Structure formats: structure tokens, C-alpha cells
Amino acid sequence: MNRIKDMMKIFVNVLAGSTISAAIYIQIFYRDEAFQGGELLWQLIIAAFLCSLCKVIPEPKKELSKWRLLLHILLLYIYEITVMLSCAFFFKWIDEDHISSVILFIALVTIVFFLIAAGLYYAGLRETKGLNEKLKRYQNKNEE
Amino acid sequence: MKIIIEDCRADEEESITIRSKGMDEATLQLIYALKTKSQRIVGISNNKTVMVNPKDIYYFETVDNRVYIYCKENVYEIRKKLYEIEEEFKNTEFYRASKSVIINLNKIKSLSPAFNGRLEALLYNGEKVIISRQFVPALKQKLML
């Protein structure tokens, strides 16, 4: 159940992030062309779904060290970049001949990835703030 | 609460019976107090047996199938399995934080988020212990006052 929840979270986050990125990208590279949005939206949903599949891979049961965790994040990042670039080439979102469009695309995916990571970290911070308050109350009660 | 003290025969084992309408928090605290006030845990350090007060324990950890007691400065080995300790300290301030650690909630200075839904507990002795994601809901439940 947790895995499905995580997949849904990533799906929604990637969908929101890629939609905003697509808007920026279209604004820069396809400013003068008529926007054919219907197909693109479905393509974004497919890309977000493929990104969320990273949660299907079972996580290591053992506790990971800090470095192994960083490696885990790096592998996740490589997976997401590979999925998004593959989608970009397959759905012809980017012009392969223009290296600048490829670089901008990678930059946007990177920004979205780290924004999502920062958002999740911030949500965790808020949660632990509440837990710390409860912990203090628990400790005070035990001292009484 | 009525307290009844009865004499027992010399060959009988001394016992305490609690007659309660339900296991409310006060009853659980009373049981815990009875269990821990006299309870000492046997730890081994440098081939010497040491009696450790549970209140001084920061956490228990399994390393290579051996269980260790971590106090503020000292570490002792204990000849018990982690699940036995978990059972023994059920409904006390001890909490299973991961597959290999049981932590004393009173020794946690603060909690902070770690990657992937895990938490990092900073203890009062400066050590950091990871709380596994699967054990976080139990912590939340335990801290519900």
C-alpha cells in the first residue's frame, strides 16, 4: 500500500513539475507556433507514470549508510533523467539537432527533480517539528 | 485505589496481583513502575557482569547477532535477543526504532527527517540513531498523548 502511495506521490509531483517545465519550454522554443496541447498532456501523463515506476523496484531492507543513500538518490536521478530524455526523443519534445534545447531540457528535469526532493524534505521537516513537540510532552510526562 | 497486603507462606513465591477494570494508562504506568523500579538488566563488559538500570540505557542494538546496551558512555553486551527485550519493555519508554535497534524515547534530544521517510534521532549523548520508515507510524502512535 505504501509503495502505491509513493508511486502516486511521484506521479503527481512529476506531472505538476513537467507541466510547468513544458509551459516554460514551449514559451521559449515554440513561442510563435500554435499550441497543440491534447497530445502533449497525454505524453506528460505517460512520462509521469514511467517516472513513478521507480518505486516498483524493491528498496534495500538493510539500513543504508549516508554514502549509499546518496548513491541511491543519484541512481534515482539517472533513472528519471533517462525516462524523461527517452520520452523527449520519442515524443519529439526536443529538437535533437539543437544541443541548447537538449541542455535546457536536462536542466529543467534536474530543477524539477531537486524541487520535488526539497519539497519532500520540507514536508518531513514540518512533520518532525510536530513530533519533536510531542516527544517533549512525552518526556515531561514521564518525568512527573 | 485499595491496597491489600496479604502474608504468604515461606515456600510461596511473592507476587503482586492487580485487579483492574481495564488497562488504562494509570494501570500501565503502575505495572511499568513495578517492573522497572526493581528491574536491572544484566550487562557484560570486559568479562564482568554489570547491573544496568533501564533508565540509564540509551538504546539496544544488534550487531553481528550480538545485542549491546548503549549507555551514556559505556557499552555492555546482553545475552538476550532483541525481540525478548522488546517484549520485556513493552508499554514502556523503549521503542523499536528499526530491525536492529530499540531506543529509549526519554534519551532522544530531537528528531529530524532523513531520506526516504526515515527519521534521524539525535540522542542526549550526541549519538545519532536512524528510525526506519516502517517503524515511524508506531512512534507517532506512541507519542499520541
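First the conventions. This is a predicted model, in which local features need pLDDT of at least 70 and side-chain atom pairs count only at pLDDT 80 or more, while totals for chains, interfaces and linings use all residues. Residues are numbered from 1 along each chain as its sequence is written, chains are lettered from A and ligands numbered from 1 in the order in which they are written, and side-chain values use heavy atoms, with hydrogens and water left out.

Start with chain B, where three strands make an open antiparallel sheet in the order β8-β9-β10. Helices (H or I, at least four residues) and strands (E, at least two) are DSSP runs, numbered from the N terminus, and two strands pair if DSSP finds at least two bridges between them. At the edges are β8 (108-113) and β10 (128-131) of chain B, each pairing on one side only. On average, neighbouring strands here are turned by 25° against each other, direction ignored. Axes are lines fitted to C-alpha atoms, for helices over the stretch in contact, and angles run from 0 to 180 degrees between N-to-C directions.

Strand β9 (residues 119-123) of chain B pairs with β10(B) over four bridges, in the antiparallel sense. Within that pairing, Ala121(B) has Val129(B) in β10(B) as its bridge partner. What packs on the sheet? It is α4(A), which touches β8 and β9 of chain B and whose direction makes about 160° with that of β8(B). Contact here means heavy atoms within 4.5 Å.

Thr110(A) is part of that helix, α4 (residues 99-143) of chain A. Setting aside neighbours within four places in sequence, Thr110(A) contacts Tyr77(A) and Ile81(A). With Tyr77(A) there is also a side-chain polar contact of 2.7 Å. A polar contact is a pair of N or O atoms within 3.5 Å; within protein, one must be able to donate a hydrogen and the other to accept it, and residues adjacent in sequence count only if both atoms are side-chain atoms.

Last, the rings. Over all chains, the structure holds ten aromatic pairs. Tyr59(B) and Tyr70(B) are a stacked pair, 4.4 Å centre to centre with 10° between the planes. Rings of Phe, Tyr and Trp (its six-membered ring) pair if their centres lie within 6.5 Å; planes under 30 degrees apart count as stacked, over 60 as edge-to-face and the rest as tilted. Tyr59(B) lies in strand β3 (residues 59-63) of chain B and Tyr70(B) in strand β4 (residues 66-70) of chain B, so the pair ties together parts eleven residues apart in sequence.
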